[in-house]
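Please go through the report below with the sequence and the model side by side. It is written for a reader who wants the cut-offs stated along with the values.

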Amino acid sequence: MNIKLTTPAAVAAALAGMLAATPVLAADYEQAPGSALTFASKYDGEIFTGSFPGFRTELSFDPADPAAGRLDVTIPLAGASSGNSDRDSTLQGKDFFDVARFAQARYTANGFRALGDNQYAADGALELHGVSKPVTLTFTWTPGAQPVLTGRATVKRLDFGIGGGDWSDTKTIPDETAISTIVRFNTR
């Protein structure tokens with residue numbers, strides 16, 4: 001192809017056309033202040049909630065190409081807080097998180113599925129308590145100067161050996177724990 005660009009306007013038009021044809025690449029994001037990772041369960045029929053302060057999220061994402069997305073979340077378990085010191089020390093002990101042996105959990109996902117209306121699913125793996133199992137995080141993506149990922153997942157604690165022994169009775173504590181997150185991002 002032999003194109004002659006003889007005027008500044010022709011050069012500008014050619015450059016604009018080449019830039020318009022350039023594909024948008026995934027942006028790399030890092031977690032910003034104001035993010036939260038929470039959990040909810042029941043004990044003897046009473047709902048309780050808690051949070052994992054200090055979690056860290058890295059994301060590579062382009063809504064036009066969700067299959068190329070990547071998510072990596074590191075969760076320090078020793079800081080798990082439910083607002084009840086007895087419950088919190090039990091969560092940190094050998095029967096639950098066993099933070100002396102397993103200081104953190106990690107969730108990773110490579111590739112997302114578009115669900116429509118800025119909603120996506122990340123079919124990833126959760127490493128918790130020395131066990132890795134698939135966990136799907138469904139999330140809504142709110143674009144902007146500081147994009148926000150709002151997500152939900154369900155974790156079956158017994159799959160990871162959390163709350164075994166005397167605590168394995170699902171009438172006392174259900175197997176399923178609801179996880180919610182709101183992650184605000186800055187572009188890296």
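The sections below take up the model and its confidence, the fold, the pocket, the aromatic rings and some individual residues.

## Basis and confidence

This is a predicted model, in which local features need pLDDT of at least 70 and side-chain atom pairs count only at pLDDT 80 or more, whereas totals for chains, interfaces and linings use all residues. Residues are numbered from 1 along each chain as its sequence is written, and side-chain values use heavy atoms, with hydrogens and water left out.

The average pLDDT (the predictor's confidence in each residue, from 0 to 100) is 89 for the protein, and 87% of the residues score at least 70. Over residues 1-5 the pLDDT is below 50, and this stretch has three contacts in the model beyond near neighbours in sequence, a contact being heavy atoms within 4.5 Å. Residues 10-24 also have pLDDT under 50, with four contacts beyond four places in sequence. Where pLDDT is low, the predicted coordinates should not be read in detail.

## Fold

The secondary structure comes to two helices and 11 strands, and from the N terminus on the elements run α-β-β-β-β-β-α-β-β-β-β-β-β. Helices (H or I, at least four residues) and strands (E, at least two) are DSSP runs, numbered from the N terminus.

Of the 188 residues of the protein, 34% count as buried; buried means under 20% relative accessible area, exposed over 50%, and partly exposed in between, with a 1.4 Å probe and protein chains only. Among the contacts with a separation of 6 or more, 57% come from residues 24 or more positions apart.

## The largest pocket

The largest pocket has a volume of about 660 Å³, and its lining comprises 34 residues, of which Phe39, Phe52, Phe97, Thr177 and Ile179 lie nearest its centre. Two or more lining residues are given by each of several elements, including strand 2 (36-43), helix 2 (85-92), strand 6 (104-110) and strand 11 (176-187). The lining divides into 27 nonpolar, five polar and two charged residues, where Ala, Val, Leu, Ile, Met, Phe, Trp, Tyr, Cys and Pro count as nonpolar, Asp, Glu, Lys and Arg as charged, and the others, Gly among them, as polar.

On a 1 Å grid over the protein atoms alone, a pocket is an open set of points where a 1.4 Å probe fits, with protein on both sides within 12 Å along at least five of seven lines, and lining residues have an atom within 4 Å of a point. Grid points are joined across faces, edges and corners, and a volume is the space filled by probe spheres set on the points.

## Aromatic rings

The structure holds 14 aromatic pairs. Rings of Phe, Tyr and Trp (its six-membered ring) pair if their centres lie within 6.5 Å, and planes under 30 degrees apart count as stacked, over 60 as edge-to-face and the rest as tilted. The rings of phenylalanine 39 and phenylalanine 48 are edge-to-face because their centres are 6.4 Å apart and their planes stand at 80°; both residues are buried.

Phenylalanine 112 and phenylalanine 139 form another edge-to-face pair, 5.4 Å centre to centre with 85° between the planes. This pair links distant parts of the chain, with phenylalanine 112 in strand 7 (residues 112-116) and phenylalanine 139 in strand 9, 27 residues apart. Phenylalanine 112 is buried at a relative accessible area of 5%, and phenylalanine 139 is buried at 3%. Both belong to one aromatic cluster formed by Tyr29, Phe61, Phe112, Tyr120, Phe139, Trp141 and Phe185.

## Individual residues

Glycine 69, in the loop between strand 4 (56-61) and strand 5 (70-76), counts as buried at 2% relative accessibility. Leaving aside neighbours within four places in sequence, glycine 69 is in contact with Ser60, Ala109, Asn110, Gly111 and Phe112, and its C-alpha atom is separated by 8.0 Å from that of alanine 109, 40 residues apart along the chain. Glycine 83, in the loop between strand 5 and helix 2, counts as exposed at 76% relative accessibility.

Most residues other than glycine have a negative phi. Aspartate 98, in the loop between helix 2 and strand 6, has a positive phi of about 50° and is buried at 5% relative accessibility. Histidine 129, in the loop between strand 8 and strand 9, has a positive phi of about 60° and is buried at 16% relative accessibility.
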